[in-house]
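Look at the sequence and the model below. Then read the short report that follows.

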Amino acid sequence: MAGASPAEAIVVRNLWQVFPRKEGISISSADVMDEQRVREMDESDDTVVAMKDVCLTVYEGETFIIMGLSGSGKSTLIRCLLRLVEPTSGEVCILGHNVTAMGKRELVQFRREKISMVFQHYGLLPHRTVADNVAFGLKLRGEPEESRKEKVTWALETVGLTGWGKYYPSALSGGMRQRVGIARALVMDAPILLMDEPFSGLDPMIRRELQDELIHLQRDMRKTIFFVTHDLSEALRMGDRMAIMRRGEIVQVGSPDEVVANPADEYVARFVSDEKEQFERGRAFIGSGPGREATACVS
Amino acid sequence: MFPETLRFHIAEPINIFIDGLIQRYAAAFDLVAGKILFFLLSIHRGLEAVPWWGYILLVFLLSLYFSRSILHSLVLASLPFFIGAFGLWSMAIESLAVIIASVVMALVIGLPLGVLMGEAKSVETVLSPVLDAMQTMPSFVYLIPAMMFFGLGKVPAVIATLIYSLPPVIRLTALGLRQVPKTVEEAALAYGATRWQLIREVRLPLAMPSIMAGINQTTMMALSMVVVSSMIGARGLGQEVLVSINKIDVGRGVEAGMSVVILAIVIDRLTQGLAKRLRPGE
């Protein structure tokens, strides 16, 4: 990363998210400015502070991983980027557009053109065929049928589902459904790809396969990928840089190597300890004997 | 005994209110009644134009298309034959016309209301108690205002049937819309669906099984109202039931009752078959 610094793709400034748990409670941006009030909301059962003052910068062309346990706020964060969830306060800028300030129409247009997303539970339309599912975003965007068809064929080929276009999602396995989800995202040709635990529900072999394919694709695409996971080995494999979240706060940002080598606090240390152990065992193994496969076995 | 002094009646003000309505808007009611009658008679004429074996053939073919079972279709198609054999064919056609007219009107009113109720919480808050009241009200009660506004005969029968059969389609449409998985809605939004696109492309198709169940229920309710509405002069199978009650003629009653049941079974099977065909992802 030496030389000219790469352009900023996603900038998140002081993002807060407080969910009311009871009806009739409204939380404004003024509430989160007050430290005392934040502490109150944190302890109260009526409110859940899902994100606390999150600041991040993601550069163009990198794969940025958000890692944390469930409930750490990572899903909320990724949803705030395209305002599937409205943040309580703070600012999100993507490719120079201030997303948090957009009007309804502008936001829809922005979602159609700049961003595509892959979901943990696929989010496929059960009443549409695989081909129609892949074409869904293009159709919303209003593309003519001819160009849609061509792009869908290309996308299905890219994810290895040539010939599956006429089937319904219910006929597909989990791994294949997620391939459809990925094809639906790729076909949009959006500069930014958001992935919310895309491989978490898949069995290890398939997960591995899809990770490899995504890495391979990314080598050519050079998209900005914002990737949420709770799986450290996945983070280490996929990520150029990663951030670790804990109870709504970003605890550490750095390259995977940095995070493993110098965990910022005890939480991160505990998180990475297993991985570190295996990593070192693997390295010792390579050093002592033949067979570089040892590193591949670490997972 | 309940003390005499605490008594008060709302019957009188309601009567005055209804009388006032009738006097003031007599022309409007006549106009509506004329339109409904025309609609009903057009349907009736259309139904009469089809020969009896045409219905049997139609039921057989539709059933075959929906169920893909020849035996099932043969049994279902043979049922209407008995209505004719009992000598009740023309009455069954008359009842069918009332059912179709009121169900069509119920769908025209009910489907949009159901969508509104599924989309907007405020509409639900208002509509829910009204629907509860409509469903718990004994069906006979609907006959009174229908009769007062539209006199005796077929038109008030259609109106009463319409009101009685309206709730299920509204309720089940709203329920179906609200049951759409959040993950699918979220994905559609993430790809830039507008509110209208979300309803048309995602919610409505996914709610289809529930909507079809609502249509089926509404049709069944309409059918059960047919017997009741004969009390205000709608002819058809209901009238036959009523006559046999008055004459204590059990045999005749059973024939008429069986005809109603046959009508119900055939309509139920066909609408359910249609619903199965429209289920997503098959």
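This is a predicted model: local features need pLDDT of at least 70, side-chain atom pairs count only at pLDDT 80 or more; totals for chains, interfaces and linings use all residues.

A:Arg83 sits in the loop between α3 (74–81) and β4 (89–94) of chain A. Its phi is positive, about 60°, although A:Arg83 is not a glycine. Most residues other than glycine have a negative phi.

A:Arg247 also has a positive phi and is not a glycine. The value for A:Arg247 is near 45°. Where is A:Arg247 in chain A? A:Arg247 lies in the loop between β9 (241–246) and β10 (249–254). Is A:Arg247 buried or partly exposed? It has 16 other C-beta atoms within 10 Å, so A:Arg247 is partly exposed.

## Two domains in chain A

Domain 1 gives six residues to the contact, and domain 2 gives eight residues. On the side of domain 1 that touches domain 2, four residues are nonpolar, one is polar and one is charged.

## Chain B: a chain of helices

How many helices and strands does chain B have? Chain B has 12 helices and zero strands. Read along the sequence, its pattern is α-α-α-α-α-α-α-α-α-α-α-α. The C-alpha trace of chain B spans about 65 × 60 × 45 Å along its principal axes.

Chain B has 282 residues, and buried residues make up 39% of them. Now take the contacts in chain B with a separation of 6 or more. Of these contacts, 76% come from residues 24 or more positions apart.

Now turn to α10(B) and helix α11 (residues 237–246) of chain B. They pack at an angle of about 45°, with their axes 7 Å apart. The two helices, α10(B) and α11(B), are therefore oblique to each other. The crossing of α10(B) and α11(B) is right-handed.

Which residues meet here? From α10(B) come B:Val226, B:Val227, B:Val228 and B:Ser229. From α11(B) come B:Leu237, B:Gly238 and B:Val241. The residues of this contact divide into five nonpolar, two polar and no charged.

## Where the chains meet

Chain B touches chain A. In this contact, 16 residues of chain B meet 20 residues of chain A. Which elements give two or more residues to the side of chain B that touches chain A? They are α9 (182–190) and α10 (195–229) of chain B. α9(B) gives the most to this side, with six residues.

What classes make up the side of chain B that touches chain A? Its residues divide into 10 nonpolar, five polar and one charged.

Notes:
Residues are numbered from 1 along each chain as its sequence is written. Chains are lettered from A and ligands numbered from 1 in the order in which they are written. Two residues are in contact if their C-beta atoms, placed from the backbone, lie within 7 Å. Helices (H or I, at least four residues) and strands (E, at least two) are DSSP runs, numbered from the N terminus. Ala, Val, Leu, Ile, Met, Phe, Trp, Tyr, Cys and Pro count as nonpolar, Asp, Glu, Lys and Arg as charged, and the others, Gly among them, as polar. A residue is buried if 20 or more other C-beta atoms lie within 10 Å of its own, exposed if 12 or fewer, and partly exposed in between; C-beta atoms are placed from the backbone. Axes are lines fitted to C-alpha atoms, for helices over the stretch in contact, and angles run from 0 to 180 degrees between N-to-C directions. Angles under 35 degrees count as roughly parallel, over 145 as roughly antiparallel, 65 to 115 as roughly perpendicular and the rest as oblique. A crossing is left-handed if the near helix is turned anticlockwise from the far one by less than a right angle, and right-handed if clockwise.
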